[in-house]
Amino acid sequence: MIYHLRQALLAMRGNVTATLSTLGTMTLTLLMLGFVVLLTENVGRTLSQLESQVEVAAFLRDGADGQALLNQVRALPQVQSARLVTRDQVLDEMTRDYPYARDAAELAGNPFPDTLRLRVARVQDSTTVAASVSRLSGVQDVEYGASYVDQTVRTLSAVRGAGYVLVGLLLVGTLLNILNAVRVAIYARRHEISVMRLLGATRGFIRMPHLIEGVLLGLLAGVIAVGVLAPSYAQLAGRVQALVPVLPIITDLHVIAPLLGLLLALGVLVGLVGSFLATGRYLRELE
């Protein structure tokens, strides 16, 4: 193993340009990959928070049977929970925010109707639930912030989908870079490898230094990427939280640390797989 490690280090030193090029490409790719993953996780958390806060409100007509309507909306499969808020309870809530609401109600009567408040399992179901509830007899109007919810969900879903696609493309690009780098290294040592094959060296013996080289490059690229990404993200997250406190930015160490560890492991894995594929293909060409 020491011999193979020494050969790998000699190969890296002998092909400094290709080594630095591959290391730089892998580091940048892992950096972008880590940033996209963290962005996707933050978008996912924002969507989850939005889903937990979206509420469909159904305003009932005077004289409507609120309890019967409550039982009907609870039977809808998309509804996670539902409750009936009487007009007096609505007035109490409004009085807490607007103290003059009760004075106005004493003069002109309570203007608020009985209301059904529903939470849906998925925010995408808000439109479907609102349409179903609005068709119930006794429901006067339904409100759930359609324009805000629909637009926000579409935007965040598009960002999250684009993030997943970008992650896939970056992984493929990193793998191809490793393949090219290892091919260059093997080509530079083609005469040595041919002599080794003539002397009866096995494919595993020839392949081992290149596998170690790929692992070392992946490990080094992962360490650099994590070393740059972690403080940069912490600083960026702090500034975003200060500007937009309502956003649930991920700052928990127990969430970020596994992602950074996964990024490091991914660098090693991509380096290993890329080297394995490149050496296998080149050795088949020699045979």
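Visitor: So an axis here is a line fitted to C-alpha atoms, for helices over the stretch in contact, and angles run from 0 to 180 degrees between N-to-C directions. With that in hand, at what angle do helix 4 and helix 5 pack?

Guide: About 135°, and their axes are 6 Å apart. Keep in mind that this is a predicted model.

Visitor: What do we call that arrangement of helix 4 and helix 5?

Guide: Oblique: an angle over 145 degrees would count as roughly antiparallel, and the angle for this pair is about 135°, so helix 4 and helix 5 are oblique to each other.

Visitor: Which residues make the contact?

Guide: Helix 4 brings Leu-91, Asp-92, Met-94 and Thr-95, while helix 5 brings Ala-101, Arg-102 and Ala-105. Sorted by type, the contact has four nonpolar residues, one polar and two charged.

Visitor: OK, new topic. In what order do the strands sit in the sheet?

Guide: The order is 2-3-1-4, in an open sheet of four strands with antiparallel pairing. Strand 2 (79-85) and strand 4 (139-143) are at the edges, and each has a single partner strand, so one side of each has no neighbour in the sheet. On average, neighbouring strands are turned by 20° against each other, ignoring direction.

Visitor: How many bridges join strand 1 to strand 3?

Guide: Four, between residues 56-60 and residues 115-120, and the two strands run antiparallel. Phe-59, for one, has Thr-115 in strand 3 as its bridge partner.

Visitor: Where does helix 4 come into this?

Guide: Helix 4 (residues 87-97) packs on the sheet, where it touches strand 2 and strand 3, and its direction is at about 90° to that of strand 2. Helix 6 (residues 126-134) lies across strands 1, 2, 3 and 4, at about 170° to strand 4.

Visitor: And helix 9, how many residues has it got?

Guide: It has 41 residues and reaches 58 Å from first C-alpha to last, close to the 60 Å expected. There's also a kink of about 25° in helix 9, centred on Pro-209.

Visitor: How does helix 8 pack with helix 9?

Guide: Their angle is about 150°, with axes 10 Å apart, which means helix 8 is roughly antiparallel to helix 9. Ile-193, Met-196 and Arg-197 of helix 8 meet Arg-203, Phe-205, Ile-206 and His-210 of helix 9.

How values were computed. Residues numbered from 1 in each chain as written. Predicted model: local features only at pLDDT ≥ 70, side-chain atom pairs only at ≥ 80, totals over all residues. Heavy atoms only, no water. Parallel < 35°, antiparallel > 145°, perpendicular 65-115°, else oblique. Contact = heavy atoms within 4.5 Å. Expected span 1.5 Å × (residues − 1). Bend = angle between axes of the 7 residues up to and from the residue. Pairing = 2+ DSSP bridges. Nonpolar A, V, L, I, M, F, W, Y, C, P; charged D, E, K, R; others polar.
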